[in-house]
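Subject: The structure I promised you

Hi,

Here is the structure we talked about, with the sequence alongside. Have a look at it first, then read on for what turned up.

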Amino acid sequence: MGRVADTAGPEQVEDVSGADRARADGEWGGTPAAIGTSGATWHDLAVTSRPAAAQHLRDLARLRRVRDRIDREYAQPLDVEALARGAHMSAGHLSREFRLAYGESPYGYLMTRRIERAMALLRRGDLSVTEVCFAVGCSSLGSFSSRFSDLVGMPPSAYRRHEARATAGMPSCVAKQVTRPIRNREAPVTEPHLE
């Protein structure tokens, strides 16, 4: 392995050992000779990399708490601003970071959770679609039905008729797994049957 010469400047950095690479990457603070052509000094790497990583971990913990709150309180009136206030983040930052971490917006995750619960209630068959809509925290039957159709691929009333028969006699834990909605609008499009 090559070594960095004591007099090497930023443009003269050669192949370095693993320890020197770690320093250059900022893991140990780096040395001026091992910084490379980035233009940063060893002090810049030591100061910026650790706090940024710590902030990222704190953000992930906050996002996990937001997701857990959505899972717990899905039937309550929740909006992104209230979730952001609880996480001590701005609404925009929460939405961006949540989407990066979980692949969908906080609102999308909330609606998916509500639809999952609605599916379970509809499979039971003892509640009407309107009762299920309000039981899972939706305030508009139209938006609930539209979102349900987007995620599940059929309207809630058709799902209620179809799945009540399809999951009869099946343990609820198995029924929940096989009927879980597909996230991110990937539900298959069903063609109408004209007879």
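Before anything else, a word on helix names: helices here are DSSP runs of H or I at least four residues long, numbered from the N terminus. With that in hand, you can find Val136 in the loop between α6 (129-135) and α7 (141-152). Keep in mind that this is a predicted model.

Is Val136 buried or exposed? Its relative accessibility is 0%, and since buried means under 20%, Val136 counts as buried. Which residues does it touch, if you skip the neighbours within four places in sequence? Val136 is in contact with Tyr74, Ala75, Arg114, Arg117, Ala118, Leu121 and Phe144. Take Arg117 as an example: Val136 and Arg117 sit 19 residues apart in sequence, yet their C-alpha atoms are 6.7 Å apart in space.

Now to helix α5, which covers residues 106-124. It has 19 residues and reaches 28 Å from its first C-alpha to its last, close to the 27 Å expected at 1.5 Å a residue. Of those 19 residues, 14 are buried, so α5 is largely enclosed by the rest of the structure. Just after α5 comes Gly125, with a positive phi of about 85 degrees.

On the α3 side, the contact is made by Val80, Glu81, Leu83 and Ala84, while α4 brings in Ala91, Leu94 and Ser95. Sort the residues of this contact by type and you get 5 nonpolar, 1 polar and 1 charged.

Finally, zoom out to the whole protein. Among contacts with a separation of 6 or more, 50% come from residues 24 or more positions apart. The accessible surface comes to about 11900 Å², and carbon and sulfur atoms account for 54% of that.

Happy browsing!

Definitions and conventions:
Residues are numbered from 1 along each chain as its sequence is written. This is a predicted model: local features need pLDDT of at least 70, side-chain atom pairs count only at pLDDT 80 or more; totals for chains, interfaces and linings use all residues. Side-chain values use heavy atoms; hydrogens and water are left out. Helices (H or I, at least four residues) and strands (E, at least two) are DSSP runs, numbered from the N terminus. The expected span of a helix is 1.5 Å times one less than its number of residues. Buried means under 20% relative accessible area, exposed over 50%, partly exposed in between (1.4 Å probe, protein chains only). Contact means heavy atoms within 4.5 Å. Accessible areas come from the Shrake-Rupley method with a 1.4 Å probe; for residues, only the protein chains shown count as cover. Ala, Val, Leu, Ile, Met, Phe, Trp, Tyr, Cys and Pro count as nonpolar, Asp, Glu, Lys and Arg as charged, and the others, Gly among them, as polar.
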